[in-house]
Amino acid sequence: MNGPQDLGGQMGFGPVAPEKDEPYFHAAWERRALGVTLCAGAMGAWNIDESRHARESLHPADYYASSYYQIWIKALEVLLKRHGFVTERDLKAGTAVDPAAVPKRVLKAENVPGVLAKGGPCDRPMAQPARFKAGDPVRTKNFSSTGHTRLPRYARGKHGTVEAVHDGFVFPDSNAHGQGENPQWVYTVVFDGPEIWGEGADPTLSVSIDAWESYLEPA
């Protein structure tokens, strides 16, 4: 979807200004927000793509007024309500009021290091060969999805070149909505500055994105 998180090339937001020596957390509650989100995800009711979609589905005014971990917590509330773990009455009361769904599993403290070390690999074996190879000219498709997608809005309908061919990976656009993993080949595609940003862009600049195969067509 063309959500509030898709800011590339949008006016009014200013340049990216990285914080020098930025800490992992700016406040103690942010550390807890990360922990709660990871533990909730470990219950197995949703996947990483559904959680990303929940964040980008926040109303733009709410999204832009929120800090990074505030967005995480607001999206977590959406997911917990959607899957029956909490209700709006629970949230208003600050404690469990209504009956709740039973999680598939519970992440215990002693298991956290192992679970984090294992991660959540999304690469998958592919039965069919890759459609494109490094050096192929391609064009990204131009669409406005009503659901989740990882193709940035600024890179749609653009001509580029395949820079690298990666493995097969879970397709986020379907996985976020319970429509299966549907793994696809993933490619790094490079675009020159004027193709992305138009006339007057620095021709020495380039932008690379990782794109699933169904985002691309031969150019």
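This report describes a helix pair and a set of paired strands in a predicted model.

## Packing of α2 and α4

Two packed helices are described by the angle between their axes and the distance between the axes. For helix α2 (residues 48–56) and helix α4 (residues 68–82), the angle is about 115° and the axes lie 8 Å apart. The crossing of α2 past α4 is right-handed.

On the α2 side, the contact involves E50, S51, A54 and R55, which meet I71, W72, A75, L79 and R82 of α4. Sorted by class, the residues of this contact comprise five nonpolar, one polar and three charged.

## The annotated span

An unreviewed UniProt entry lists residues 121–218 as "domain: Nitrile hydratase beta subunit". Within the model, this span is 37% strand and 9% helix, and its end C-alpha atoms are 29 Å apart.

## Strand pairing around β3

Strand β3 (residues 159–169) pairs with strand β1 (residues 123–124) in the antiparallel sense, over two bridges. In this pairing, R124 has G168 of β3 as its bridge partner. Strand β2 (residues 137–140) also pairs with β3 in the antiparallel sense, here over three bridges; P137 is bridged to T161 in β3.

A further antiparallel pairing joins β3 to strand β4 (residues 184–192) over six bridges. Here V165 has Y187 of β4 as its bridge partner. In a regular strand, side chains alternate between the two faces of the sheet.

Conventions. Residues are numbered from 1 along each chain as its sequence is written. This is a predicted model: local features need pLDDT of at least 70, side-chain atom pairs count only at pLDDT 80 or more; totals for chains, interfaces and linings use all residues. Side-chain values use heavy atoms; hydrogens and water are left out. Axes are lines fitted to C-alpha atoms, for helices over the stretch in contact, and angles run from 0 to 180 degrees between N-to-C directions. Helices (H or I, at least four residues) and strands (E, at least two) are DSSP runs, numbered from the N terminus. A crossing is left-handed if the near helix is turned anticlockwise from the far one by less than a right angle, and right-handed if clockwise. Contact means heavy atoms within 4.5 Å. Ala, Val, Leu, Ile, Met, Phe, Trp, Tyr, Cys and Pro count as nonpolar, Asp, Glu, Lys and Arg as charged, and the others, Gly among them, as polar. UniProt positions are given in the numbering used here, feature names are shortened, and annotations may be inferred rather than shown by experiment. Two strands pair if DSSP finds at least two bridges between them.
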